[in-house]
Amino acid sequence: MDGAILVVAATDGTMPQTREHLLLAKQIGVENIVVFINKADAVDNEMIELVELEIREILTEYGFDGENIPVVFGSALQAMKGENSQLGAEKILELMDTIDKSIPTPERNVKEPVLMPVEKLISVPGRGTVAIGTLKRGMLSKGNPVEVVGHGNVVKSVASDIQVFGKSVKDCYAGDNVGVLLRGVKNATLQRGMILGPPGTLSQCNAFRAQIYLLTKQEGGRPRPITTNYIQMMYSNTWNISACVRLPEGTTMLMPGEAIQTEVLLRLPMVIGPGQRFTIRENNITTMTGLVTDILPASDLKIKGFNEEKQTVNVIQGNAQVTRSARLKRKTQKSEK
């Protein structure tokens, strides 16, 4: 992510989710932010100034340059309706100009092998499946062999066509949002969150070491500590999967606001590497953020309720047994009545 627009309503000011989004932006390395104060038509200038002051204080609190980050105020609703151009369309154009000036065009890494997290999949009957995503690095050309890796699977194919903004192109580069047609691949064999890259360049793992931070209640996190084998959904790139946080031996619990170096297990192997950031969410709130530091050998540890398959016993009955079971069930229901 190259930059972000922080939208705050002038009628409400900063909310708990404002702090959560700023914390997440800091965790994933977003440095360039532009603030847009919306609903400016519903309050007076004094209220807008108070909201701006509050936003700048919170930005500074979370490590951003609160004093110099540009702030634009306006009304998105007025812009959509075509009314009050001074607070509507003119302010949206001012916001776009501010983004152009404040968020520099990043340098793209086109020298390393292609890496594209899959965001969406579309089936094309008779041709294959289109994997849609944004290239994080590298250059991909039409006809290149590729692998799609993740969730413990590896699918090999060829990039038979590449489209950028609906137009077929020969090559695409890091930063482009593209659709890659994978020849002969069925939609059912792929999932959102898998990673596309050249053959042999991507590896999966189900265990790694990470530096994690447990958010406080004021930051939008949980009010209570966690103990070892904390199991929740982990999010990174475009994938999410059940993860188990195992606290170091001798550590009984981790309190909100504390950070620690620990081991994390994934229910299924995924493409992940050192320096990759992730978040863990519980009941629609972000409870934890983390940074991968080391990849660990594959783990075969089985944990109840996480990756241990519940054994089921299947009983095969013949026709006579089925008839007797049905009669017995009806007789039991009649006796209960």
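Is Thr-129 buried or exposed? Thr-129 counts as buried because its relative accessibility is 0%, where buried means under 20% relative accessible area and exposed over 50% (1.4 Å probe, protein chains only).

## Basis of the model

This is a predicted model, in which local features need pLDDT of at least 70 and side-chain atom pairs count only at pLDDT 80 or more, while totals for chains, interfaces and linings use all residues. Residues are numbered from 1 along each chain as its sequence is written, and side-chain values use heavy atoms, with hydrogens and water left out.

## Thr-129 and its surroundings

Thr-129 belongs to strand 5 (residues 128-134); strands (E, at least two residues) and helices (H or I, at least four) are DSSP runs numbered from the N terminus. Its side chain reaches the backbone oxygen of Val-185 at 2.6 Å, and a polar atom of that side chain lies 3.1 Å from the backbone nitrogen of Asn-187.

Leaving aside residues up to four places away in sequence, Thr-129 touches residues including Leu-121, Ile-122, Val-180, Leu-182 and Leu-190. Contact here means heavy atoms within 4.5 Å.

Over residues 1-107 the chain is 46% helix and 14% strand, and the end C-alpha atoms are 12 Å apart.

Lys-91 lies in helix 4 (residues 89-102) and is buried, with a relative accessible area of 14%. The side chain of Lys-91 makes a polar contact with the side chain of Glu-94 (3.3 Å); a polar contact is a pair of N or O atoms within 3.5 Å, one able to donate a hydrogen and the other to accept it within protein, and residues adjacent in sequence count only if both atoms are side-chain atoms. Beyond four places in sequence, Lys-91 touches Val-72, Phe-73, Gly-74, Ser-85 and Gln-86.

## The largest pocket

The largest pocket has a volume of about 1700 Å³. Of its 49 lining residues, the closest to its centre are Met-1, Ile-28, Lys-136, Asn-237 and Arg-277. A pocket is an open set of points on a 1 Å grid over the protein atoms alone, where a 1.4 Å probe fits, with protein on both sides within 12 Å along at least five of seven lines; lining residues have an atom within 4 Å of a point. The volume is the space filled by probe spheres set on the points.

Asn-283 is exposed at 69% relative accessible area, and Asn-284 is exposed at 71%.
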